[in-house]
Amino acid sequence: MMQEISQDSLAAEGRTGRTRISCPGCGRNDYVAWPAAQPAYHWKCFNCRKEFDLHRGAGH
Ligand SMILES: [Zn+2]
């Protein structure tokens with residue numbers, strides 16, 4: 001039997017995994033639900049309120 005999960009956000013996080021990102025603007029770390037199939041993630045920093053397109057494989 002499948003159990004219903006009342007909180008959709010928890011289910012989504014379970015499917016995609018949580019990716020740790022750091023804000024290019026202020027360096028703040030956060031965890032986002034970044035789908036594995038998605039090469040870039042558009043993110044708005046809750047701290048400095050800037051928006052960024054983050055890319056996987058940071059370091060190059
Ligand atoms: Zn920031």
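Here is a friendly note, point by point, on the predicted model above.

1. **Ground rules.** Residue numbers start from 1 along each chain, following the sequence as written. The model is predicted, and local features need pLDDT of at least 70, side-chain atom pairs count only at pLDDT 80 or more, while totals for chains, interfaces and linings use all residues.

2. **Overall layout.** The protein chain contains one helix and four strands, and the order from the N terminus is α-β-β-β-β. Helices (H or I, at least four residues) and strands (E, at least two) are DSSP runs, numbered from the N terminus.

3. Of the 60 residues in the protein chain, 0% are buried. A residue counts as buried if 20 or more other C-beta atoms lie within 10 Å of its own, as exposed if 12 or fewer do, and as partly exposed in between, with C-beta atoms placed from the backbone. Among contacts in the protein chain with a separation of 6 or more, 11% join residues 24 or more positions apart. Two residues are in contact if their C-beta atoms, placed from the backbone, lie within 7 Å.

4. Strand S1 (residues 19-22) pairs with strand S2 (residues 29-32) in the antiparallel sense, over four bridges. Pairing here requires that DSSP finds at least two bridges between the strands. One place to look is Ser22, whose bridge partner in S2 is Asn29. Six residues lie between the two strands of this hairpin, and Gly27 in the turn has a positive phi of about 85°.

5. **Cys23, in the loop.** You will find Cys23 in the loop between S1 and S2. Cys23 counts as partly exposed because it has 18 C-beta neighbours inside 10 Å. Setting aside neighbours within four places in sequence, Cys23 is in contact with Arg28, Cys45, Asn47 and Cys48. The C-alpha atoms of Cys23 and Phe52 are 8.1 Å apart, although 29 residues separate the two along the chain.

6. S3 lies largely in the open, because zero of its five residues are buried.

7. Most residues other than glycine have a negative phi. Arg49 is not a glycine, yet has a positive phi of about 65°. The residue sits in the loop between strand S3 (40-44) and strand S4 (51-55). Arg49 is exposed, because 9 other C-beta atoms lie within 10 Å.
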